[in-house]
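Please have the sequence and the model open while reading.

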Amino acid sequence: MEISGWILFILLVQIIHGLGTWKLYTKAGRKAWEAFVPVYNAIVLMKIINRPTWWTFLLFIPIINLFMFPIVWIETLRTFGKKSTLDMILGIVTLGFYIAYVNYTQEVTYHEGRDLKAPTKIMDTIGSLAFAIIVATFVHTYFIQPFTIPTSSLEKSLLVGDFLFVSKFHYGARTPMTTVAAPMVHDTLPVLHTKSYLYNDDETQQNSWKNKFQLPYFRLPGFQEVKRNDIVVFNWPADTVRQFFTKDRKYIKPIDKKSNYVKRCVGTPGDELSIIDGKVHINGQPLVLPERAKPQYSYKVAFDTKTPPNFEYILQELKITDPAYRIAEDTVMFRALTSEGVARLKNFPGIKAVVKSISHETEKAIFPHTKNWNVDNLGPIYIPEKGKTVELNKETLPFYKKIIAEYEHNSLQVNGNEILINGKLAKDYTFKQNYYWMMGDNRHNSEDSRYWGYVPEDHIVGKPIFIWMSIDGINNGIKNWKIRWDRLFTTVSGEGQPQSYFKYFLVLLGLYFVGEYFWKKKKKKENA
């Protein structure tokens, strides 16, 4: 739904609210017209039901307002003496329209300064739980989101089984686009394994009423931009699966419900990127990675067949998660080796040669799917920058086709050598937002921008800042879990090698409990 549509929808809701509550406003000593004025009517209502004015703010935050509206409906009914369990149920199941019934058919009394304590213990528990969810959802949406590393695409830098805190405020929190959704879950409800949000994913039904509740993209101000070499969490632009790792049919998903990916940003808006023999080059110069980055490649390893090395032992020693496999009688392929790992591998008995595996054959799966490129050799590619204009022709269109038609919502037609955008002949195109190029450090085991192209700015979720837990064997069953103690409470970015702050956390935790013990002891003595 466009902004104009949302404004009309909000005005309609305000009219319905006014028509359904104006008599209650007058019973509370207010003017009838106050029930119809957008925003102001909510501020007045908070005064009527004896609740803080800042609750008004929560009514206009997507997802959070799904919890706030039922609370306000119940509080309104209780303020006018309708506080039975049946009244509460009717208030919720009728989506607040029961209040309109009371407004026109019941003779009620306004209870100014009423007792705000819940009438029953159950209602008190429900209220406390609702506000706990509201606070958690607010933090999760606008400040910090937990995230788990599911694949090995950033191996050595980030490991499978790392549990991260992802900052939303570094790049600026993105307000929810999907307004009707379960809080604090992504695209799927746990246990039920169904969609966690209201949206019609049928490609032929994209104008469905369900999809009218989508908000336009908006991002709050951040204190930094996405920089080259940042590790970034983003929504996978090419996502058409129901759930991560689950493929059955093609699903069309709203941006903020696409699968979460984490990669390293190697190209920023305005850059020209090339990959030459596996190494990234930016604007003609090799990309210099930070010390913590551990790029890995596949290597062909020749060995002595008469005295073959113990490969199982080597894999354990080098901590290689991707197994080696034989490609010839005297050669195996090792995946995910760092330069340090290569140096060590060469020193094991029985190893004759270690050669990096570089692809020189054309791979049609490589973006933009029209060049004789492959995973190790591609480019140059221009990374679009907001406000910049590029020439459009049959040669350049494959790079920008998805941007024009899908990411920036234009109609695109190609008639012979003519390119039509929104029905008009186009020889160039000006970008409406910034784009990024994301890659995994595990270069030969990462599905990234080399396959599906650019990441739009509106797909950026946040910046991983902290590893609070790390479990080795996370996908092998709980019996095989092992905590990586050296990774607990380590930062994701920064200079030098990662350092665990877990021991400092334990010290602070111990000081807290000691302080609380003596404080309680002191209070007990004072009250004696």
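In which strand is the place of Leu420? Leu420 lies in strand E15, which covers residues 418-421. Strands (E, at least two residues) and helices (H or I, at least four) are DSSP runs, numbered from the N terminus.

The model is predicted: local features need pLDDT of at least 70, side-chain atom pairs count only at pLDDT 80 or more, and totals for chains, interfaces and linings use all residues. Residues are numbered from 1 along each chain as its sequence is written, and side-chain values use heavy atoms, with hydrogens and water left out.

**Around Leu420**

Leu420 counts as buried because its relative accessibility is 15%; buried means under 20% relative accessible area, exposed over 50%, and partly exposed in between (1.4 Å probe, protein chains only). Leaving aside neighbours within four places in sequence, Leu420 is in contact (heavy atoms within 4.5 Å) with Ser411, Leu412, Gln413, Asn415 and Leu425. Between the C-alpha atoms of Leu420 and Asn410 there are 9.9 Å, and the two residues are 10 apart along the chain.

**Salt bridges**

Side chains of opposite charge can pair when their charged atoms come close. A salt bridge is a side-chain nitrogen of Lys or Arg within 4 Å of a carboxyl oxygen of Asp or Glu. The structure holds 19 salt bridges, among them the pairs in this table.

| Pair | N to O distance |
|---|---|
| Arg264 and Asp441 | 2.8 Å |
| Lys388 and Glu385 | 3.1 Å |
| Asp472 and Arg484 | 3.4 Å |

Arg264 and Asp441 form a salt bridge through their side chains. This pair links distant parts of the chain, 177 residues apart: Arg264 is in strand E4 (residues 260-267), and Asp441 is in the loop between strand E18 (435-439) and helix H11 (449-452). Both Arg264 and Asp441 are buried.

The side chains of Asp472 and Arg484 meet in a salt bridge. That pair also links distant parts of the chain, with Asp472 in strand E20 (residues 460-472) and Arg484 in the loop between strand E21 (482-483) and strand E22 (490-491), 12 residues apart. Asp472 counts as partly exposed because its relative accessibility is 38%, whereas Arg484, with a relative accessible area of 14%, is therefore buried. Asp472 and Arg484 belong to a network of salt bridges that includes Asp162 and Arg487.
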